Amino acid sequence: MKLSNRTKVVEQGEMTLAERMYLPAIVGGMATTLKHFFSKPVTIRYPEQTRYLGPIYRGHHILKKDEQGAERCTACGLCAVACPAEAISMVAEERKKGEEKLYREEKYAKVYEINMLRCIFCGLCEEACPKEAIFLRHDKMVPVFNSRDEVIYGKDKLVEKMDQRYLREGWK
Amino acid sequence: MNLFDSVFIAKASFIGVIFLITLGVAAYSTYFERKIAAFMQDRIGPDRAGPFGILQPLADAVKMFMKEDFIPANSNKWLFIMGPCLSMLTALMTSAVVPFGDTVTIGDVTFDLQGIDVNIGILWVFGVVSLGVYGILIGGWASNNKYSLLGAIRAASQNISYELAMGLSIIAILMMTGSLSTKAIVEAQQNGHWNILYQPMGFVIFLICAFAECNRTPFDLPECETELIGGYHTEYSSMKLGFFLFAEYINMFISGAVMATLYFGGYDYPGVDFVTAQLGATAATLIGMGALIGKALAFVFIFMWVRWTLPRFRYDQLMGLGWSGLIPIAMFNVVVTGLGVLLNQQILVGFGGLVVFIAGIVVYDQLVVKKKIA
């Protein structure tokens, strides 16, 4: 049965004289490499050049603040439950009087830690979060570690800074 | 006495310059090898050490010197050290007879831009290249390692096999020039009468043999990584390994220079008379030296280009090509050249011979080889 008309019958007989001399094949190969010699390299020099990773790339984690600069996270622990790699841990604390500017909800995360060696960047924490507090940002990657002391990221590295707010395409 | 002294000093400084050029070219060949490989594979290549990575050879040299200099316990220690030294020595000795330029007059001293103008010039190249295999052979044997020994044996048999065809292709040139001196061979080619026009077949044979003599791909069986780990330099490390690799690059440059001398007119370039009239004889000679080095570098590029295009030969294919392919063709070339010299019609007879050769192969193919199964 014929599925398409593109079938090509391959003959496997004796090689022709030109094929046995190899010279035409050698010249053809040299032409191919010369063509590539003058073509543009595809290399991206990584640390200096980066390529756009797309609007839904899952990179560095960020704990968002709201418009007034109060942390959104309420330390419910749903992200830690959702996390398949068990990378997230947190310690909750009740909001005191006078801290309303700092924390949006009545309970907040005093400690919020992500082990970046455990994290598999699946984004399930982002989906689990009911308060829209944790996101995996699309424009920044977690840098390379040089020692094991550096792998646990605390709130100092995760909480959004008000002067460098993270905005995603399509957000208002 | 004074004249002798100044000629001696001039020669000595010239040899020093050639030495430096050779070493510099060899060092930068490693860089350009990697760059050319990268460009042919759509990459960029080394670009971290200095602008465009031009300090890479320096970094490589530092790396080579910092590595542990290891001598295997059961090796023959002195021969093990001697191997890379011999390779390096023979590689550097070959350049002595290559005429890098015409005569230069500085003050009242006139001297050739050539190490030594001996009347056995081309035989010197041959002898030293034949000695070159000793470095590899001794290094591979002294390592006391079966892979090294296999690589060394391959190197020896390959060099001996391809020297025959190489010698036969040079004989055709000697018949035309009537002299073994490299200087005389170059002078016979001045004003555009390059030997490549008279000896296209001989040149192709010589080129293939030069690839084999330098142990370059597609004939790099002595250091064939897929079969022999590192071949003859499996046990070598540090600067001893560096010397082996360095000797290979020097050999490439020198064989490029020899090919330019034998087939591409040496230091001849179009418009010598014009430059001599405009700028003087010394400037013309120096430009000629540049032309020769440029031709040699072009050959180095071809060496690299071929390396990053062709796969390696199988060992029996290598021997088959050398003994039953190149040697008969080279003998045919000698006969055709003899006929050309006899009839005093060298270009005509040369190309006639080429046509007869191709026609002969086609006819042989039609008569003998089985046709495709329909």
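Analyst: Two strands pair if DSSP finds at least two bridges between them. This is a predicted model, and in chain A three strands form an open sheet in the order E2-E3-E5, with antiparallel pairing.

User: Which strands of chain A are the edge strands?

Analyst: The edge strands are E2 and E5 of chain A, since each of them pairs on one side only.

User: How many bridges join the strands of this sheet?

Analyst: Strand E2 (residues 88-94) of chain A is paired with strand E3 (residues 107-115) of chain A over seven bridges, in the antiparallel sense. Within this pairing, A:Glu94 has A:Lys107 of E3(A) as its bridge partner. E3(A) is also joined to strand E5 (residues 152-153) of chain A, by two bridges, and these strands run antiparallel. There, A:Tyr153 in E5(A) stands opposite A:Ile114.

User: How should I read the packing of two helices?

Analyst: Two packed helices are described by the angle between their axes and by the distance between the axes. In chain B, helix H5 (residues 146-177) and helix H8 (residues 200-213) pack at an angle of about 150 degrees, and their axes are 9 Å apart. Angles over 145 degrees count as roughly antiparallel, and H5(B) and H8(B) are therefore roughly antiparallel to each other. Their crossing is left-handed.

User: Which residues make the contact of H5(B) and H8(B)?

Analyst: H5(B) contributes B:Gln158, B:Asn159, B:Tyr162, B:Ala165, B:Met166, B:Ser169, B:Ala172 and B:Ile173, while H8(B) contributes B:Gly202, B:Ile205, B:Phe206, B:Cys209, B:Ala212 and B:Glu213. By class, nine residues of this contact are nonpolar, four are polar and one is charged.

User: How many residues of chain A are in contact with chain B?

Analyst: In chain A, 14 residues are in contact with 18 residues of chain B. The element that gives the most to the side of chain A touching chain B is helix H2 (residues 23-37) of chain A, with six residues. That side of chain A is made up of six nonpolar, six polar and two charged residues.

User: Where in chain A is confidence lowest, and where is it highest?

Analyst: Where pLDDT is low, the predicted coordinates should not be read in detail. Chain A has an average pLDDT of 86, and 98% of its residues score at least 70. Confidence in chain A is lowest in helix H1 (residues 17-21), with a mean of 73, and highest in helix H3 (residues 78-82), at 92.

Notes:
Residues numbered from 1 in each chain as written. Chains lettered and ligands numbered in written order. Predicted model: local features only at pLDDT ≥ 70, side-chain atom pairs only at ≥ 80, totals over all residues. Axes fitted to C-alpha atoms, helices over the stretch in contact; angles between N-to-C directions. Helix = DSSP H or I, 4+ residues; strand = E, 2+ residues; numbered from the N terminus. Parallel < 35°, antiparallel > 145°, perpendicular 65-115°, else oblique. Left-handed = near helix turned anticlockwise from the far one by under 90°. Contact = placed C-beta atoms within 7 Å. Nonpolar A, V, L, I, M, F, W, Y, C, P; charged D, E, K, R; others polar. pLDDT = per-residue confidence, 0-100.
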